[in-house]
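User: I am new to protein structures and would like to learn how to read one feature at a time. Could you take me through some helices and strands slowly?

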Amino acid sequence: MSDLHTDALSTDSIGFDDEEHDITLPSDADAGPKKGIEVPLGPPTVMVQRLSVHYRVASKEREGEHLGLLQRAARKIGWNRTVTVRAVDNISFVARAGESIGVVGHNGSGKSTLLRVMAGLETPTSGRVLASSTPSFLGVNAALMPELSGMENVRIGLLAMGLKPKEVKEAIPDVLELAGIGSSIHLPMKTYSSGMGARLRFAISAAARPEILLIDEALATGDAATKARSEARMAEIRQHAGTIFLVSHAAQVVEEMCTRAIWLHQGEMVLDGPAYETARAYRWWAWNIAKGETQKAEGLLEDARAKLRATVVHPQDSSTVRHLSRHSNAT
Amino acid sequence: MSERARTHSPLAQVDDVQLEVVDISRLKPVGQRAALGSYIHQLWHRRHFITADSRARAFAGNRDTLLGRFWLVGKPVLDGLTYFLIFGVLLGTARGIDNYIGFLLIGVFLFSFTSASLNGGAGVMAGGKNLIRAFSFPRASIPLALALRQAISMFPVVIAMLVMIVVIPPHAKITWLWALFPVVFLLQVCLNSGIILYTARLTSALPDLRLVIGFASRFWMYGSGVMYSIDKFVTHPQLLAVLEFNPAFCVLEISRDLLLYGTMPDLKLWLTLGAWAIVTPVLGFLYFWQGEEEYGRE
């Protein structure tokens, strides 16, 4: 059978050319860098334990080579050589109420996959995700109901999240202010730019004060005032025992908006720590990659990995006073 | 970190490993479906969402056509005209049927309601995907909103149908039996909701079924006596019994008896339709609820 497995695709063959880099070097501002707003931490809201997502995809690597009859026949009927891509590989962490966690990494590092699994939109290959409530997920596609106006989308979105009609009426002015898209609110949502759509969806989701909010590459657009309003709202959600995850390959957004950051590289966790330090380490590495200093970047990656203290999650159920680990004796 | 966990886990001794003891009593796996009771409770809580969603989409539905909502009535009228020419005039199935035009109008208009559910249910989860991914709510809201929307947009269609059977000769007489027609309509709404719930889950799991459903709906139409009288063509008693078990056939037969012929329909027809109208939505709902975790996945 020509069904050979190769381990994780080397990222070098994929290339980073299509990606927007953080070319700007982190500036050592004397006035003190802008950091995420700190909020007192509460109990755990999300537990990710030994999570892996592996895809098996067809590889066309050997297209040009001469193939035997059997191999060609196998390919014709769809039996391709497959490789396993480890989109997310053995990741564990615990998020607490009040945290704003940024996930940084290059394209293809598994950031979005991690978020989709946490939202319950994708099934992990192994491992599990527990959460205190169903997370609200803001993905990249902009329109909710493209034919309907922004206003109708707001109303239906708020009702979908379980607000009562009276609460919806009260929440609408607030949503409009936070979205900051002016009179475009009366136009069909399909006419919105992706930035406008993302802001409106964030405003809708934030209005219901979700416990867990997952944001994939949104909010990076908009003027300074809109950004400040979004950040204040995220801090408010966190103060009400919420947790926010923000995926971005623009590490500066993470640096400025988050309190903690996770750096993923080819599905593996490189670093998990305070947002400012982690995002800076990532940006320094990305800058070296962009400049072609692969040797130096490798070194930085190794340094970061050495600093990582791997998290081992130990679930324990206080309501039954029973340890769920195989190392423990049930009482 | 509790002392207990430290002593119980050998990993705690390793220096560069951070042991996080998590109290998971408040946590549950993401995307896991709620128990049936709390699911129904959540669904009831979202009733305003269901009505708002169905209303908003009803208005958005025919925006791209010039005549807009006229097509709700226009399409079955054109269908009826086609069947009248082919079956009534060319093939002569009209022979022996009193008021063939009324017979055909009721058949086409009311069957189109059920076949719209079959086809609508097939695309409903794909159409609601953006909402499903963005917000967490019981997913049954989406098919139920469709059922509600179709029932509401059926009102003008039914009124047009009643006006036509009275106006077009030979005129149907309005009798006290017409008062029972809303009951048939309600039973049909229940049946359709069940159909939508079934097709919604089936086609979201296996999109290929959408193609099969178009075929199934045509097959069903010919088996329901929309444009000809079944008992005139089917003589085999067992086959006839099977065809009479068909809920769409019951709907048409009862409606024609009530509206056109002024006779009380057979009790057997009422009971068959009543059973379908209860069993289909209940089983459909349970079936849909079991797949709750699948709908947002890609």
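This is a predicted model: local features need pLDDT of at least 70, side-chain atom pairs count only at pLDDT 80 or more; totals for chains, interfaces and linings use all residues.

User: How should I think about the directions in which the residues of a helix point, and which residues of H7(B) are buried?

Analyst: As a general idea, an α-helix has 3.6 residues a turn, so residues three or four places apart point the same way. In H7(B) the buried residues include B:Ser141, B:Ile142, B:Pro143 and B:Leu144, and also B:Met154, B:Met161 and B:Ile165.

User: Why does a residue such as B:Ile254 count as buried?

Analyst: The reasoning rests on counting neighbours, and a residue is called buried if 20 or more other C-beta atoms lie within 10 Å of its own. B:Ile254, which is found in helix H12 (residues 247–261) of chain B, has 24 C-beta neighbours inside 10 Å and therefore counts as buried.

User: Which residues does B:Ile254 touch, leaving out those up to four places away in sequence?

Analyst: With those left out, B:Ile254 touches B:Val184, B:Pro265, B:Leu269, B:Trp270 and B:Leu273. Another residue to look at is B:Leu180, which is 74 residues from B:Ile254 along the chain, while their C-alpha atoms are separated by 9.7 Å.

User: Now for strands: how many does chain A have, and what should I look for in one of them?

Analyst: Chain A has 11 strands, together with 10 helices. In a regular strand the side chains alternate between the two faces of the sheet. In strand S8 of chain A (residues 260–265), six of the six residues are buried, so the strand is largely enclosed by the rest of the structure. A:Arg260, A:Ile262 and A:Leu264 lie on one side and A:Ala261, A:Trp263 and A:His265 on the other, and both faces are covered.

User: Which strands pair with S8(A), and in which sense, parallel or antiparallel?

Analyst: Strand S3 of chain A (residues 100–104) pairs with S8(A) in the parallel sense over four bridges, and within this pairing A:Gly102 has A:Ala261 as its bridge partner. Strand S9 of chain A (residues 268–274) runs antiparallel to S8(A) and is joined to it by six bridges, with A:Leu271 as the bridge partner of A:Trp263. The hairpin of S8(A) and S9(A) has two residues between the strands, and A:Gln266 takes a positive phi near 50° there.

Conventions
Residues are numbered from 1 along each chain as its sequence is written. Chains are lettered from A and ligands numbered from 1 in the order in which they are written. A residue is buried if 20 or more other C-beta atoms lie within 10 Å of its own, exposed if 12 or fewer, and partly exposed in between; C-beta atoms are placed from the backbone. Two strands pair if DSSP finds at least two bridges between them. Two residues are in contact if their C-beta atoms, placed from the backbone, lie within 7 Å.
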